[in-house]
Amino acid sequence: MLSVLRMTDECTVHMNEWTPPTIIGICRDSPAPDDWLVRCDDLGIPIRHDAAGDEWVLEYADDTLSLIRPDGVRVAVDFAAGKTRHRAQEAGRGAGVLSKALGIATFRKRHGRLPQVFDGTGGWGQDAWAIASLGCMVVVLEKHPIVHALLTNGLCRALVSEDSNSIAERIKLHCGDAANWLQTMTTDVIYLDPMYPTRQRKKADSKKGMQFLHALLGPSDESISSQLLATSLEHAQERVVVKRPKGADPLTTPTGWTGQTSTIASPNTRYDIYLQR
Ligand SMILES: C[S@@+](CC[C@H](N)C(=O)[O-])C[C@H]1O[C@@H](n2cnc3c(N)ncnc32)[C@H](O)[C@@H]1O
C-alpha cells in the first residue's frame with residue numbers, strides 16, 4: 001500500500017485571518033489503509049462516507065489521493081499526465097528556458113557535474129519534475145500539509161512505475177517551511193515559484209491547480225516571498241532562480257546583497273536569476 005500522508009511539526013500554514021475550506025476524508029478502497037487513517041487523524045481531517053454541500057473531500061481511491069471541491073472539480077498529482085509530461089519533455093531537451101535559467105550547462109562546464117537544486121515552493125511538483133527530468137537531484141519543500149500529501153502520493157505512484165521511477169528517485173520531498181529548512185544546509189541552486197501577486201492572479205486563477213492553491217493557502221504576501229528570497233541568497237552557492245509572471249515586479253532583494261541579476265523570459269513567465277559572486 002502506498003504511503004499517503006506524512007506530517008511533521010513544521011506543516012503549519014500561516015494565514016492571516018483567512019479561513020481555509022473545511023475538508024473531510026473519504027476512502028473508496030476497502031479496507032481503508034492504516035496509514036490513511038493515521039494521517040487523516042494527524043491532519044485533523046474527519047473521515048466520513050459522504051460530504052455535506054460546502055465541504056471539500058480528500059479522497060483515497062485506487063491508491064490515488066485527490067482533493068475534490070464541492071463543485072466536483074478535483075486535483076491529484078499525476079506525473080504521467082499530459083501537462084507535467086509535456087513540461088518535462090520540453091525541459092529534457094536541454095535547451096529549454098528552465099535549463100538556461102538554472103544555468104545547467106554553465107554549471108556542468110565549471111564543476112563537471114549537474115547542480116543540486118532546492119525547490120522551496122513544491123506546489124503540484126511540475127517544476128520539480130521538470131528539473132529532475134534534466135538529470136538534477138532536487139530537494140523539494142512544500143509547507144501546506146494537504147498539498148504535501150497529494151504530492152507525496154503522486155511521487156509514490158511515480159516511484160512504482162517503470163516509466164517514471166528514474167526521475168522520481170531524484171526527488172526528495174519534505175513537508176515544512178523552506179526558509180527554516182535552509183537554515184541547516186547549502187545547495188548549488190535554489191528555485192522558487194511563489195504564489196503570484198494579486199495583480200497577476202486573474203490569469204493564474206484560470207488554471208485549476210492554481211485555483212486550488214489559492215483556496216487552500218489564502219492571499220499571498222510579496223514581503224514573505226522576498227524574505228524567502230533573502231534566506232535563499234544566503235544558502236545558494238551559485239544562484240537563486242525566481243519564477244515570476246510576465247509584468248510582475250521582481251521580489252525585493254536584501255540590502256547589502258552584491259550579486260548580479262538577469263532575467264530570461266518565455267511567453268507567460270519570467271525567470272529572475274540572482275547570481276552569487
Ligand atoms: C505557485 S505554487 C508552486 C508551483 C510549483 N512550482 C509547481 O510546479 O507545481 C507555490 C507553492 O509553494 C508553497 N510555498 C510557498 N512558500 C513556501 C515556503 N516558505 N516553504 C515551503 N513551501 C512554500 C505553497 O504552499 C504553494 O504550494
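**Close-up views of a predicted model**

**View 1. Strand β9 and its two partners.** Five bridges connect strand β8 (residues 187-192) with β9, and these two strands run parallel. Strands here are DSSP runs of E with at least two residues, helices are runs of H or I with at least four residues, and both are numbered from the N terminus. Two strands count as paired if DSSP finds at least two bridges between them. Strand β9 itself (residues 236-245) is mostly covered, with nine of its ten residues buried. Buried means under 20% relative accessible area, exposed means over 50%, and partly exposed lies in between (1.4 Å probe, protein chains only).

A quick note before the next views: this is a predicted model, in which local features need pLDDT of at least 70 and side-chain atom pairs count only at pLDDT 80 or more, while totals for chains, interfaces and linings use all residues. Residues are numbered from 1 along each chain as its sequence is written, and side-chain values use heavy atoms, leaving out hydrogens and water.

View 2. Trp36, Cys40 and Leu43 are buried residues of α1. They sit on the same side of α1 because they cover an arc of only 65 degrees around the axis, taken from the directions from the helix axis to the C-beta atoms. After α1 comes Gly44, with a positive phi near 70 degrees.

View 3. Most residues other than glycine have a negative phi, and most peptide bonds are trans. Ser30 and Pro31, however, are joined by a cis peptide bond, with omega about 0 degrees. You will find Pro31 in the loop between β1 (23-27) and α1 (34-43).

**View 4. Two aspartates with positive phi.** Asp62 lies in the loop between β2 (56-61) and β3 (64-68). Although Asp62 is not a glycine, its phi is positive, about 50 degrees. Asp62 is exposed, with a relative accessible area of 66%. Asp63 also has its place in the loop between β2 and β3, and its phi is positive too, near 65 degrees. At 28% relative accessibility, Asp63 is partly exposed.
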